[in-house]
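Here are a few notes to read with the structure open beside you. Take them one at a time, and find each residue before moving on.

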Amino acid sequence: MQQNLRERILKQLRSEIISGESLPGTLYSVPALSAELDVSTTPVREALLELANSGLVEPVRNKGFRVSRPSMKELQDLFAMRDLLEIQAAKLMMADTPCDTEPLKHYAREIERAVKEDDVRAYLVADRSFHNAMFMASGNELLAKTALSLRDRMRLFGIRSGAGVDRQRESVGEHYSIIELIDAGETGELITLLQHHILSWRPIFSAALEQDDLRTRKKRLLGSQS
């Protein structure tokens with residue numbers, strides 16, 4: 001029961017952070033969050049410690065945990081590593097026995113529904129499940145865990161911007177195309193599509209992070225002048 005509660009809290013907080021609902025610098029207090037969620041402090045603390053291990057938050061002495069601010073270099077490094085590991089996972093998946101794409105079809109429908117309903121959180125959950133199913137089909141458990149961990153560290157700056165919404169809509173068809181290519185055994189075309197699927201988000205996230213950095217610098221400048 002405690003484990004399920006911790007996982008539920010972890011999923012909620014991770015979604016808030018990576019979707020940009022909880023901006024860099026946001027402070028999570030264990031007692032305050034426990035009271036808000038009406039749960040004990042233990043599962044809240046455990047969830048925040050796991051987020052700290054993945055780099056999404058950092059502990060602040062006697063205060064709680066603060067949402068960390070990634071640098072542009074960290075963002076670019078994450079994209080490079082995701083491209084490397086997710087493509088390798090896809091190659092292993094295609095080289096093994098035929099992949100069961102029924103779970104992927106279910107998640108693709110969930111992704112489509114989330115986009116139609118403008119539900120970013122549901123989109124993130126379904127998209128994570130879709131790609132995790134592909135990682136696990138690689139047969140390499142360590143690779144699968146590492147690839148999923150990298151996705152969970154990716155901050156989706158700008159996902160609610162005009163470009164981000166357009167990209168979500170484009171990705172709906174891409175998920176169905178990924179399934180078709182897997183079923184057809186078209187490894188080369190699948191790799192090309194996956195690289196586009198991953199890297200098309202990079203300019204959107206980068207532009208939004210730059211804008212956030214500019215706002216932060218302006219606030220600091222105004223604060224120093226007051």
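1. Let's start with one residue. R167 sits in helix 8, which runs over residues 162–184. Please keep in mind throughout that this is a predicted model.

2. Is R167 buried or exposed? Its relative accessibility is 3%, and buried means under 20%, so R167 counts as buried.

3. What does the side chain of R167 pair with? It makes a polar contact of 2.8 Å with the side chain of E174. If you set aside neighbours within four places in sequence, R167 is in contact with E174, H196, H197, S200, W201 and I204.

4. Now turn to helix 5, residues 102–116. This helix has 15 residues and reaches 22 Å from its first C-alpha to its last, close to the 21 Å expected at 1.5 Å a residue. Just after helix 5 comes D118, with a positive phi of about 55°.

5. Which residues of helix 5 are buried? They are L104, A108, I111, A114 and V115. These residues lie on the same side of helix 5 because they cover an arc of only 125° around the axis. The general idea is a handy one: an α-helix has 3.6 residues a turn, so residues three or four places apart point the same way. As for what covers the buried residues of helix 5, the list includes helix 6 (120–136) and helix 8.

6. Next, some empty space. Rolling a probe the size of a water molecule over the atoms shows where such space is left. The largest pocket here has a volume of about 490 Å³. It is lined by 24 residues, and the closest to its centre are I18, L124, D127, R128 and D152.

7. Which elements give two or more residues to the lining of the largest pocket? They are helix 1 (2–18), helix 6 and helix 7 (141–153). Helix 6 gives the most, with eight residues.

8. Finally, have a look at L194 in helix 9, residues 187–199. With a relative accessibility of 4%, L194 counts as buried. Leaving out neighbours within four places in sequence, L194 is in contact with I87, A90, M134 and I178.

Definitions and conventions. Residues numbered from 1 in each chain as written. Predicted model: local features only at pLDDT ≥ 70, side-chain atom pairs only at ≥ 80, totals over all residues. Heavy atoms only, no water. Helix = DSSP H or I, 4+ residues; strand = E, 2+ residues; numbered from the N terminus. Buried < 20%, exposed > 50% of the residue type's maximum accessible area, 1.4 Å probe, protein only. Polar contact = N/O pair within 3.5 Å; in protein donor to acceptor, adjacent residues only side chain to side chain. Contact = heavy atoms within 4.5 Å. Expected span 1.5 Å × (residues − 1). Arc of directions from axis to C-beta. 1 Å grid on protein atoms, 1.4 Å probe; cavity = no way out; pocket = protein on both sides within 12 Å on 5 of 7 lines; lining within 4 Å. Points joined across faces, edges and corners; volume = space filled by probe spheres on them.
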